[in-house]
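Have the structure open as you read.

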Amino acid sequence: SSIKKLVDTNTRIGNKLEQMEKNLTPSQRKVFQAVKEQREAEKDIAGKFSIFVDIWRSFLVTQPATTFRNVFGSALRVPGETLDIALQSSKFFTQFESKALGKDIPEPDLKNESLLLSKNLLNPLEQIELAQIVAKEFPEAQRKVFDVFDDYFAVTLGDDSKAGGVLKKLSFASKLAQVANTLNRLQDRAIKSAGLMTELDNQVKTAIRRGEITDTKVKGITDLIEQNKLNLVNDEMISKSLQFAYKLTYQSRNAGDEVLGVGGLINIAQNTLNRIAVAKLGVPFPNFLINGFVYTLNRGMGGGALKMLYKGAQTIGSSKQVAKNEREKINDLTGKINAAVKKGIKSQKQKNNVATMRKEVSALEAKAGKRLQNVEQFRKGFVEIAEGAALIFAGYGIRETIGGARYDEIKIGNTTIDVGPLFPLTPFLWWGEVIRRKLNDEPIDGKIIAEGVQALSGLQADRAGPFAKLLGGTYQFL
């Protein structure tokens, strides 16, 4: 944690203090020793407090209802992700990718399997086994899919015979939390495994379409596993696949990357909440809260439409010739670098020339990567518009037919059900209620507007935490 880093003797402050200690008088050394003991005490307290907070957060999600809500939230993302997977391999978007990269891409008859995510989610045990095979080759996949779960709960403490007091009690509480969270761990691992393998298959197919994988016997990730050719998978493919898996479970660590304009500010807020242990007492699940807000922002508040328009204009307006010239320059410089390395780099002048060429290649590749990112954001904006429209329409239908007294309630017969915790459905139920009121000439008063702030921000979700509950209780009181 950040607190631990602050008091760790390996930090710059610690190193400076250790250097100073060598030149101290006996009396100064006594004072210095007292300072060191205080810092060690602070580190011990900080470490225990951070572990305590993580264990407390883990106990908050032990109920089976939480597992169901997590599965529901991930399932609601499937239609949109299915559409996005289909569009990735459509000619409309592959031609923009070709333009962005500045090269003619071969067009093999290889489409993404649109329904692959649904199939993988319905076969969780198989996907976990396949993900474990991949994880053996890529430690990052092992760590993020199997070693931690749900918002980075990696708090299992080992059996240290010397541990005692608070640490021993925390160790017992940690193990108890792990047992209590068995269902939640299983669903988290299953969904992430399915997401990892789905996106990895898309990444392999994309590499084939771009001519980066030329093995004719390979059509997808299962071929690479069966033929023992996982060496054709690179770290970037794994990284993107893990990002997809974490997005599917609302656990992306930089959710603001999906937002146009204010994404940087959102990432700062998310990183701050993740870094400060005491902040998690008020907002125990910052990743879920921020990811949920980003989801709503892009689909229910116009973020996706803005993204599609802006990135679409950049994509369509970019010059194909400029990209092609830059690609030719990359190929030329790469050839010269390879020739120089093969011949042998001896003088300092040769080293400088090669370094300059590599720097230029990196800059040109970064430009191509930025154009490619614009195409991706253009496509995702289109998908988010479609998702938002479908969810708002569904929200209106629910409110019109079985809506309860509040926007987040449904009524079946004489039974009223609170569906507020079923994120990300709730914000769109609120939009449905607003539309229903407008069509029926009912007033949109201060109460519904206040409920909208709660719904669209994600503060109505059960995992928003004590801070959100305090705000909600204050609103109800007023």
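Which residues of α16 are buried? In this predicted model, the buried set consists of Gly-303, Gly-304, Lys-307, Met-308, Lys-311, Gly-312 and Thr-315. They lie on the same side of α16, because they cover an arc of only 140 degrees around the axis. In general, an α-helix has 3.6 residues a turn, so residues three or four places apart point the same way. The face turned away from the buried side of α16 carries the exposed residues Leu-309, Ala-313 and Gly-317.

The length of α16 fits too: its 15 residues (303-317) should span 21 Å at 1.5 Å a residue, and the end C-alpha atoms are 21 Å apart, which agrees. The cover over its buried residues includes α6 (91-101), α15 (286-300) and α18 (348-402).

Now to the nonpolar cores.

| Core | Size | Some members |
|---|---|---|
| Largest nonpolar core | 27 residues | Met-197, Ile-221, Val-233, Ile-238 |
| Another core, apart from it | 11 residues | Ile-105, Met-308, Val-375, Val-383 |

In the largest core, Met-197, Ile-221, Val-233 and Ile-238 touch the most other members. At least two residues each come from α8 (124-137), α9 (139-147), α11 (182-209), α12 (221-226) and α13 (235-248), and α11 gives the largest share, 7 residues. Leaving aside residues up to four places away in sequence, Ile-238 touches Val-134, Phe-138, Ala-141, Leu-200 and Val-233.

Finally, the whole chain: it has 21 helices and 2 strands, and 45% of its 478 residues count as buried. Among contacts between residues at least 6 apart in sequence, 73% join residues at least 24 apart.

Definitions and conventions
Residues numbered from 1 in each chain as written. Predicted model: local features only at pLDDT ≥ 70, side-chain atom pairs only at ≥ 80, totals over all residues. Heavy atoms only, no water. Helix = DSSP H or I, 4+ residues; strand = E, 2+ residues; numbered from the N terminus. Buried < 20%, exposed > 50% of the residue type's maximum accessible area, 1.4 Å probe, protein only. Contact = heavy atoms within 4.5 Å. Expected span 1.5 Å × (residues − 1). Arc of directions from axis to C-beta. Core = buried A, V, L, I, M, F, W, Y, C linked by side-chain atoms within 4.5 Å.
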